[in-house]
Amino acid sequence: MSIRFEWRGNPDTDNGIATYSTDTNTFDLWLPSIQHARQIEQALCIAYADGRRKGHREMMQAVTAAINETTKKL
């Protein structure tokens, strides 16, 4: 899953609709420029990547703990 971005409007003029999508959600925002839309896209991508890293780290900690508990019982 990732963040998808689409701009509806002329990139050279003010105002347009930015659409941000994931596999399950879509959000439309009316923004004053494509530059604002790109800044939001960048922030969303960074937040998504940070969330993935944290989730992966927590999953690996749980797997390691389960393996350690299993080996103690052997």
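Helices in this report are DSSP runs of type H or I with at least four residues, and they are numbered from the N terminus. The structure described here is a predicted model.

**The sheet**

Three strands make up an open sheet, arranged in the order β1-β2-β3 with antiparallel pairing. Strands β1 (4-8) and β3 (26-31) stand at the edges, and because each has a single partner strand, one side of each is left without a neighbour in the sheet. On average, and with direction ignored, neighbouring strands of this sheet are turned by 20 degrees against each other. The antiparallel pairing between β1 and strand β2, which covers residues 16-21, runs over 5 bridges. Within the strands, Glu 6 has Thr 19 in β2 standing opposite.

**Salt bridges**

| Salt bridge | N to O distance |
|---|---|
| Arg 8 and Glu 6 | 4.0 Å |
| Asp 28 and Arg 8 | 3.1 Å |
| Glu 69 and Lys 72 | 3.6 Å |

Arg 8 takes part in a salt bridge with Glu 6, and Arg 8 also meets the side chain of Asp 28 in a salt bridge. As for accessibility, Arg 8 counts as partly exposed, at 38% relative accessibility, while Glu 6 is partly exposed with a relative accessible area of 43%, and Asp 28 is partly exposed with a relative accessible area of 48%.

The side chains of Glu 69 and Lys 72 also meet in a salt bridge. These two residues are 3 residues apart in helix α1, and therefore Glu 69 and Lys 72 are separated by about one helical turn. Glu 69 counts as partly exposed at 42% relative accessibility, whereas Lys 72 is exposed, with a relative accessible area of 64%. Elsewhere, salt bridges that share partners join Glu 6, Arg 8 and Asp 28 into one network.

**The helix and a nonpolar patch**

Helix α1 covers residues 34-73, and Val 63 is found in this helix. On the surface, Met 59, Met 60, Val 63 and Ile 67 form a nonpolar patch, and together these residues have about 350 Å² of accessible area. Why does Val 63 count as partly exposed? Partly exposed residues lie between the limit for buried, under 20% relative accessible area, and the limit for exposed, over 50%; Val 63 counts as partly exposed because its relative accessibility is 38%.

Notes: Residues numbered from 1 in each chain as written. Predicted model: local features only at pLDDT ≥ 70, side-chain atom pairs only at ≥ 80, totals over all residues. Heavy atoms only, no water. Patch = residues over 30% accessible without salt bridge, like charges linked within 9 Å, V, L, I, M, F, W, Y side chains within 5 Å. Areas by Shrake-Rupley, 256 points an atom, 1.4 Å probe, with all protein chains shown as cover. Buried < 20%, exposed > 50% of the residue type's maximum accessible area, 1.4 Å probe, protein only. Pairing = 2+ DSSP bridges. Axes fitted to C-alpha atoms, helices over the stretch in contact; angles between N-to-C directions.
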